Amino acid sequence: MIQSIFRAYDVRGIVDEEITPEVATLLGKAIGTRVRESGNDCICVGYDGRLSSPSLAEALIAGLVSTGCHVLNLGAVPTPLTYFATYETTATSSVMVTGSHNPANYNGFKMVINHETLAQDAIQGLYQLIVEEHFIDGEGCVEDCDVKAHYLETVCNKVKLTQPLKVVLDAGNGIAGALAPELFTRLGCDVVPLYCDVDGTFPNHHPDPTQPENLRALIDAVKTHEAHCGLAFDGDGDRVGIVSD
């Protein structure tokens, strides 16, 4: 187990070198132990569109179940839906398997326990728990849980546009592309999708909207389609770049 993958706000590293299914299972055991200690044995798990994410999520869930946790498997969803699920299900904890805005060969884990995002000392504590192997044993279970429809309904009930908007959505082939076009269409926008097909190799550009070079196609599309604005999402849909007309 490489301690350097336990960072300030997540666990993250290069797939097959630093992040492996074995690492995911051990991390699941550590997180599951902390969840059981917190008094609620239910936890949500979601994953992004990276090629390595489904297998890492499966290994993570195996670790969680071995501690007696009841896992709600959200499937492939943007990170905000994983957080949403901790307020709309019986779970108050979650793990999102995602490399976020990093290159395709990276992956990692964003963690919440009892509505608190793990960071700094709490993440280092997971590493120590793994080193010491002080895991709780149990017989948990897995249940598929789809929160997409409820999420869309909730957002549409809370957000109302004061005027029609034409919007270009650049998902960068990240997992936001599976949901954002439908959401903005339901909000009443005229949506122009750009790179909204989920592809974990990110063939068109790096999924980091904070870098200007990754917004070039979006800027061109806003001009071409005479849109009011353009939105660019990162790989897991919790970071956004905005281009005005």
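Author: The answers below concern a predicted model, and each sets a computed value against the criterion for a term.

Reader: Why is Arg12 called buried?

Author: Buried means under 20% relative accessible area. Arg12 has 17% and is therefore buried.

Reader: How do you know that the salt bridge of Lys110 and Asp236 links distant parts of the chain?

Author: The side chains of Lys110 and Asp236 meet at 2.9 Å, N to O. Lys110 belongs to strand 5 (residues 106–113), whereas Asp236 lies in the loop between strand 10 (229–233) and strand 11 (240–244), and the two are 126 residues apart. Lys110 is buried, with a relative accessible area of 11%, and Asp236 is buried at 0%.

Reader: Why are Arg186 and Glu182 called partly exposed, and what joins them?

Author: Partly exposed covers values between the 20% limit for buried and the 50% limit for exposed. Arg186 has a relative accessible area of 45% and Glu182 one of 40%, so both receive that term. Their side chains meet in a salt bridge of 3.8 Å, N to O. Both residues lie in helix 6 (residues 180–186), four residues apart, about one turn of the helix. In an α-helix there are 3.6 residues a turn, so residues three or four places apart point the same way.

Reader: What makes strand 5 largely enclosed by the rest of the structure?

Author: Seven of its eight residues are buried, so strand 5 is largely enclosed.

Reader: How do you know that strand 5 pairs with strand 1, strand 4 and strand 6?

Author: Two strands pair if at least two bridges are found between them. Strand 1 and strand 5 have four bridges, as do strand 4 (residues 93–97) and strand 5. Strand 5 and strand 6 (residues 116–117) have two bridges, so this pair also meets the criterion. Each of these pairings is antiparallel. Among the bridge partners are Gly13 and Asn107, Val95 and Met111, and Val112 and Thr117. In the hairpin of strand 5 and strand 6, two residues lie between the strands, and Asn114 takes a positive phi near 50 degrees.

Reader: Why are strand 9 and strand 11 called edge strands?

Author: Four strands form an open sheet in the order 9-8-10-11, with mixed pairing. Strand 9 (190–194) and strand 11 each pair on one side only, and are the edge strands. Strand 8 (residues 166–170) runs parallel to strand 9, and five bridges join them; Val168 has Val192 as its bridge partner in strand 9.

Reader: How do you know that the length of helix 4 is close to what is expected?

Author: Helix 4 (residues 121–132) has 12 residues and reaches 16 Å from its first C-alpha to its last, close to the 16 Å expected at 1.5 Å a residue. Its buried residues include Ile123, Leu126 and Ile130. Among the elements that cover the buried residues are strand 1 (11–14), helix 1 (21–38) and strand 5.

Conventions
Residues numbered from 1 in each chain as written. Predicted model: local features only at pLDDT ≥ 70, side-chain atom pairs only at ≥ 80, totals over all residues. Heavy atoms only, no water. Buried < 20%, exposed > 50% of the residue type's maximum accessible area, 1.4 Å probe, protein only. Salt bridge = Lys/Arg side-chain N within 4 Å of Asp/Glu carboxyl O. Expected span 1.5 Å × (residues − 1). Contact = heavy atoms within 4.5 Å.
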